[in-house]
Amino acid sequence: MKNKEHTRQVRDTVVKKFKAGFGYKKISQALNIPKSTVQAIILKWKEYQTTANLPRPGRPSKLSAHTRRRLIRDVAKRPMITLDELQRSTAEVGDSVHRTTISRILHKSGLYGRVARRKPFLKNIHKKCCLKFATSHLGDTPNMWKKVLWSDETKIELFGNNAKCYVWRKSNTAHHPEHPTPTVKHGGGSIMVWACFSSAGTGKMNKIDGKMDGAKYRTILEENLMESAKDLRLGRRFVFQQDNIPKHKAKSTMEWFKNKHIQVLEWPSQSPDLNPIENLWKELKTATQVIEDDQAKRGGQVYTTNLRGQVPPLVTTDYTVQDQGNASPRFMRCTTYSFPCTADLAKQCQVPLATIIKPFATVPKNETPMYVVNHGETGPIRCNRCKAYMCPYMQFTDGGRRYQCGFCNCVNEVPAFYFQHLDHMGKRVDFYERPELSLGSYEFAATLDYCKNNKPASPPAYIFMIDVSYANIKSGLVRLVCDELKTLLDNLPREDGAESSMVKVGFVTYNKILHFYNVKSALAQPQMMVVSDTAEMFVPLLDGFLVNFQESRAVINNLLDQIPDMFADTNESETVFAPVIQAGVEALKAAECSGKLFIFHSSIPTAEAPGKLKNRDDKKLINTEKEKTLFQPQKAVYEQLSKDCVSQGCSVDLFLFPSQYVDIATMGDVATHTGGSVFKYSNFQVERDGQHFLSDLRKDVEKAIGFDAIMRVRTSTGFRATDFFGAIHMNNTTDVEMAAVDCDKAVTVEFKHDDTLSEETGALMQCALLYTTISGQRRLRIHNLSLNCSAQLSELYKSCETDALINFFAKSAYRAMLNQPLKTVKEILVNQAAHMLACYRKNCASPSAASQLILPDAMKVFPVYLNSLLKTGPLVGSAELSTDDRAHQRLSTTAMGVEDTQLLLYPRLIPLVRQHTRHSLLDVVPTPVRCSEERLTDAGMFLLENGCSLFLWLGQACPPEMIQSIFNVPSLAHVSIDLRSLPELDNPQSQKLRSIVDSLLDQRPSSMKLMIVKQKDRSEIMFRQHLVEDKGLHGGASYMDFLCYVHREIRQVLT
Ligand SMILES: [Zn+2]
């Protein structure tokens, strides 16, 4: 007898529970229905994304059987026919129906619109030749094939007439002759490469510059062929394979082979499938292509976080998030969304298990706001055993009187005030009214227990500390800062809806000694107090140092007017640094509040005081065992200072204006342990760099931020957080302390197994961040995320995210370089990558020739990012790079989120001029192209951005009219490369370009410095460093060379 069907509501509940991370067994127990029924409901929902009853056979088709058959026949005859064409032809025979009806009928017959494979056009004669070739070689021994050096040329990029074309076909019929779109050799103007390999491995790879002809081909052979044969140990009597295009068969080429005594394999025409090298080309994907594909597939869509283990769109894709029980990918992103069940599997694949958490990420206005939940005097409800906070993974039982913790399984009593009845599906009646039950991210109001010394927190304070030594006065920096602060202080951060900011402000100037200012509103004039004993720092005044800007505006403006003049005649060039930070901490301590120091500093602190530094820049150390010392902070003074800052909730933002080495590794140390940032403006000139610096300062002062934060990541049983990377401080192994955390700072958390994970319950994590708001309230920000677990490694590889992986690799490599030689760090990186990819090959890919490079889909472009990472300043080890620049990049990357590392390691190269309309710019921000010199054109104009720098590259043959409209000068030669902003001219070209530049600047956390670069000019060097697919300027392989290298490494792992 058939069991009674469950109501839709029951089925909904089953799905809800499943989405919340519960397994079949638990759902079955909670709802008292058989496990098999639960399974059936979930399966159906997984397949159809609905719990509704599926339509029964339904009403008779509008189309006659005859017309239906005709449709299928038409499609079979002409696979490239479009739906519109089909609709028209059906209408002609009197059956007028909608397009969807037609496509439904075709789907029923297994015909789907699919991308046509690109294959050369085969004539019958070609087929016959192939067959002849195959039969004539049937008797060949494997040893004979081992002697063959295969070669081919290929286009790396698909564009122009290589665009996708859709055809109607059934699965697995991609290679049928009617289906592929014919391709013609030499089509389009894209880049070509030549490469070769044998059964022993890959040989040389060569980029073909310009059009390939016989002479060029011979040069390539000359330079690569013999050497490849030697590398691959083919011996003298190897057989060379090439295809039959004319330049290969040219008389002079054939003579070349003859002279070199090279035997050439006879080869049938138009038969690439016979050549195993085709398999290698397939794996060459470009990052831009992957980005574009994801944007096309998922761009503009709503991403609903209701599913466990769901892989979000790429960081580069535009999407809208709807929070339905898991944190938005803006807050948390993972290296993989399916963890392996056991530690053994994790070890085997070597894919790092990590989450990158950006707790204060900016959320667009149209997405779920951060609700604040108040559980009253007793504070937020937490599990008694593991202390996890109330969240969607808690399962209510016993009529609502108890709940079982999803993290540790402990059964807790529901406090009386929180009791709520369950509906007949076991869901609390108030489910949708309570963010902590239905959302992935929300906040709790914290009680006094969560405050320091059980006293309510105070609003934070911002202290501006200006180095008034000779260099800063002379450059005009001091005046610039003081002038800016007069208006900037009106924009201090405030709570939504608040009339003014509660953040207090204070001012210090310094050189060898420190000057504090009393700016109490009651004063007619600001008062200065000097502290010259920098060994024992103290704050000479309490009342009147930290004030409300609105109240003290007159006194403060008075002070800001006076400061540049007070020190106008200074000769003092020595400065202190550690005592400045110490003074800031002491001031906050005295005021019992947290806050941030904005330090504007120019030189290495050489004055006699704690934290005095020596110049220790030594290029001779590069590429030696001791290179790491260049990046280790110098003195214990700074380590202690970081601790003091963190325990007071004092974040340090350092604005540096060096004209020579300042030891950023040491000076930036406190900033990068207190959730702060280091900004660097080398050889600062007010006229040139002033605007760039001021926009950084504005963004920094105004941005959303939390203070005195402590973060804890809880996990369900079986795994736990073991390592943390970020602008953080760790006093023990679990609590991540951050003096402050702003909207751009991310913490990368690594996880390890300590038991077996179950596929049924998955892997749950909860990030809880306790912090003080800018108005002085103590809050808890909670982010929950549930991942899948699988005993199949293929699931893990399917759910990987390259951008998150590379974030983890960058941070862990940059940390490792403090303790290990760069060479070792790089070897470890490549090794781990090769292991990851080899394990996929071994366990997940279908069997194929060893020579074939096979990468998991989700990691197709991982090598290009990894290669780029290996070429970054910190890891490259070149004496041509400044030590400070390298240290700076190392420190800034530590706190980056996935968006920032993605852009840093694969900059956007944006073509501004369309090829055929040379004289006008594109309207919207154009689609970026591959980051390679190959894409630059003499008549072109390109923007390149990586989040830190923005270059405007001008081709030599850039039309003068364009130069005139943008720069207001007659020719390229007149354009000054010292420009840091574009002139504001009243013409469409100038307006378009400026609006593109502005929109890029707007999207990035810091204001990028704009640099004008002319083709073949000295200024091009800086720019070329960022063309990450090319050979590195300071060492490092091109993408293709690196791919071959990785391929070799993978094969080594496999043998
Ligand atoms: Zn618990």
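Four cysteines hold the zinc ion here: Cys 383, Cys 386, Cys 405 and Cys 408 each donate an SG atom from 2.3 Å away (donors are N, O and S atoms within 2.8 Å of the metal, or 3.2 Å for Na, K and Ca). Keep in mind that this is a predicted model, where local features need pLDDT of at least 70 and side-chain atom pairs count only at pLDDT 80 or more, while totals for chains, interfaces and linings use all residues. Residues are numbered from 1 along each chain as its sequence is written, and side-chain values use heavy atoms, with hydrogens and water left out.

**Zinc site**
- The zinc site is tetrahedral, with angles of 101 to 115° among the four donor atoms (four donors count as tetrahedral if all angles lie between 85 and 135 degrees).
- Along the chain, the zinc donors are spaced C-x2-C-x18-C-x2-C.
- Cys 386 sits in the loop between β15 (372-373) and β16 (395-397), and Cys 405 in the loop between β17 (402-404) and β18 (411-413), so this pair ties together parts 19 residues apart in sequence (strands are DSSP E runs of at least two residues, helices H or I runs of at least four).
- Cys 386 is partly exposed at 24% relative accessible area, whereas Cys 405 is buried at 1% (buried is under 20%, exposed over 50%, partly exposed in between, with a 1.4 Å probe and protein chains only).

**Nonpolar cores**
- The largest nonpolar core has 144 residues, and Phe 339, Phe 516 and Leu 869 are among those with the most contacts inside it (a core is a set of buried Ala, Val, Leu, Ile, Met, Phe, Trp, Tyr and Cys residues joined through side-chain atoms within 4.5 Å).
- Helix α25 (residues 822-843) supplies the largest share of this core, 11 residues.
- Another core, of 42 residues, lies apart from it and includes Ile 473 and Phe 684.

Methods: Tetrahedral: all angles 85-135°; square planar, octahedral: opposite > 155°, others 65-115°.
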